[in-house]
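The sequence and structure are shown first, and the description follows.

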Amino acid sequence: MTDDDAATLAIPRFGTSNPEAAHNDVWTEIKRNGWNAYQARQELQQRTGRPIKRSGPFWSWERFGRTTTTLPDGRIVHVAGEHEDHYDPDFCIYNDVTVEHPDGRLEFFIYPRDVFPPTDFHTATLAGDRIVLIGSLGYPQERNPGSTQVLLLDTTTFAISPAPASARSGICPGWISRHTAEKINNETILVVGGKLATAKDYVDNHRQWKLDLTTWTWSEVQPGDQSIFPFSNAEYLTLRNPRLGTSNPERIDNPFWLEMARRRWPPSRVRAHYADIAVDTIEREREEVVWTLQRNHAESVTLPDGRHMTIGGKVERHGNEWADTWTYADIIVKDPTGQHEIYIYPDDTFPTMMPLSARAVGNTLYVFGWPENRVDLRKAGTPAIFAVDLESYRIEHCDAGRPPLWPTLYPGAAELRDGAIAFVATRKTEADPFAYVLFDPATRRWREQPL
């Protein structure tokens, strides 16, 4: 294959059959390297030693609005999406399907435009042997306000077909995108949130819809429907807020928190369910915030017995969750059966920390972090250290003194080295050698070790 052939193969195209298997070595290389279109073009130009004449956008693996679905047999199915925006020369909305096999093999399928229009910001829900593709933003000239794009991807043949007409017109969500879809039983898909393209505008969707997979008809879901989320509106308002603990530890039996943990719903999702549209304020009181397990910067630890622990974390003020910013100082334990236990603590026992790291040694979990309310510790380079008993979840503060070097703390940073918990030390200059700073659980003191 010449470099000119490679440049030609790098251009996305529509298929000629439903599906057309596209055996493309260039797409395979781009996918395996995770390149975007610019990086792929730069690589080909470097190989040829000359500019690549542009005959269209380069095929890109970096995309927005793509869906990824894992099948029971281990295959991973990636569907469509878009690269960049209309002003970029490599802007493209795709209508392809990429299949990753457990052995690493890749398959690419492309389709005629009238079978699978360029699609982005849709959802993909596995239902038996088919993936139900709901919604799309698409190119402006291909949008059809008032209807809903619903396509069925057969995972045995990878052919795509339209859902019955009743799912695509009449009573339906409209031209929806950027929404979420959740299969609430084997016969129903729930669609929530997102945006609607109208003839003149692009507006928020504040309605909830159910698609019946037996009749292929839509029905609107009323806010607070307890068949979907088992709490009344009054219970939601009473139970939703995070708080600090009153003992060391306080085990929480709040059923709302436990259900939110089980479903892993972000605050925006449960707010949509109750039509609880947040009003923007500079600072929100605790009574206005919704508890969630979906957080940024939380530490995650899996124990040898299969327990999975989530420690702390923060909902930050951006994206869909801007209304529920909160820093957590708690421990959520998920046992191998999927059941959750939630432990909270007084602030003087376990303060909020950003960032933090944790590592288990024997029957103790050690948590390291910079308390948000203790600027003096950060200035001194002295992180707070807490020992969590993994049977009682009681927390004890460890006074290890000031470490010889400043440890780099972030989720996943802690390593085990010769029985000690090790962190890469922060270098002040490029000339400084790399080194580890070690916390010894036996003495509960710091020491230094060259890297």
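Strand β26, residues 384-389, is joined to β27 by four bridges, and the two strands run antiparallel. The model in which this pairing is found is a predicted one. Within the pair, I385 stands opposite C398 of β27.

Both strands belong to an open sheet of four strands, in the order β24-β25-β26-β27, with antiparallel pairing. The edges are held by β24 (353-361) and β27 (395-398); each has a single partner strand, so one side of each has no neighbour in the sheet. On average, neighbouring strands of this sheet are turned by 25° against each other, direction ignored.

A further group of antiparallel strands involves β2, β3 and β4. Strand β2 (residues 67-70) is joined to β3 by four bridges, and β3 pairs with strand β4 (residues 92-100) over seven bridges. The table sets out the pairings described in this report.

| Strand pair | Sense | Bridges | Residues opposite each other |
|---|---|---|---|
| β26 and β27 | antiparallel | four | I385 and C398 |
| β2 and β3 | antiparallel | four | T67 and V79 |
| β3 and β4 | antiparallel | seven | V79 and V97 |

Strand β3 itself, residues 76-83, is mostly covered, with seven of its eight residues buried. Between β2 and β3 lie five residues, and the two strands form a hairpin. In the turn of this hairpin, G74 has a positive phi of about 95°.

Helix α6 (residues 267-273) supplies the largest share of the lining, four residues. Sorted by class, the lining of the largest pocket has eight nonpolar, 10 polar and eight charged residues.

The cysteines complete the description. A disulfide is a covalent bond between the sulfur atoms of two cysteines. The structure holds zero disulfides. Residues under 20% relative accessible area are classed as buried. C172, with a relative accessible area of 9%, is therefore buried. C398, the residue opposite I385, also counts as buried because its relative accessibility is 5%.

Note on methods. Residues are numbered from 1 along each chain as its sequence is written. This is a predicted model: local features need pLDDT of at least 70, side-chain atom pairs count only at pLDDT 80 or more; totals for chains, interfaces and linings use all residues. Side-chain values use heavy atoms; hydrogens and water are left out. Two strands pair if DSSP finds at least two bridges between them. Axes are lines fitted to C-alpha atoms, for helices over the stretch in contact, and angles run from 0 to 180 degrees between N-to-C directions. Buried means under 20% relative accessible area, exposed over 50%, partly exposed in between (1.4 Å probe, protein chains only). Ala, Val, Leu, Ile, Met, Phe, Trp, Tyr, Cys and Pro count as nonpolar, Asp, Glu, Lys and Arg as charged, and the others, Gly among them, as polar. A disulfide is a pair of cysteine sulfur atoms within 2.5 Å.
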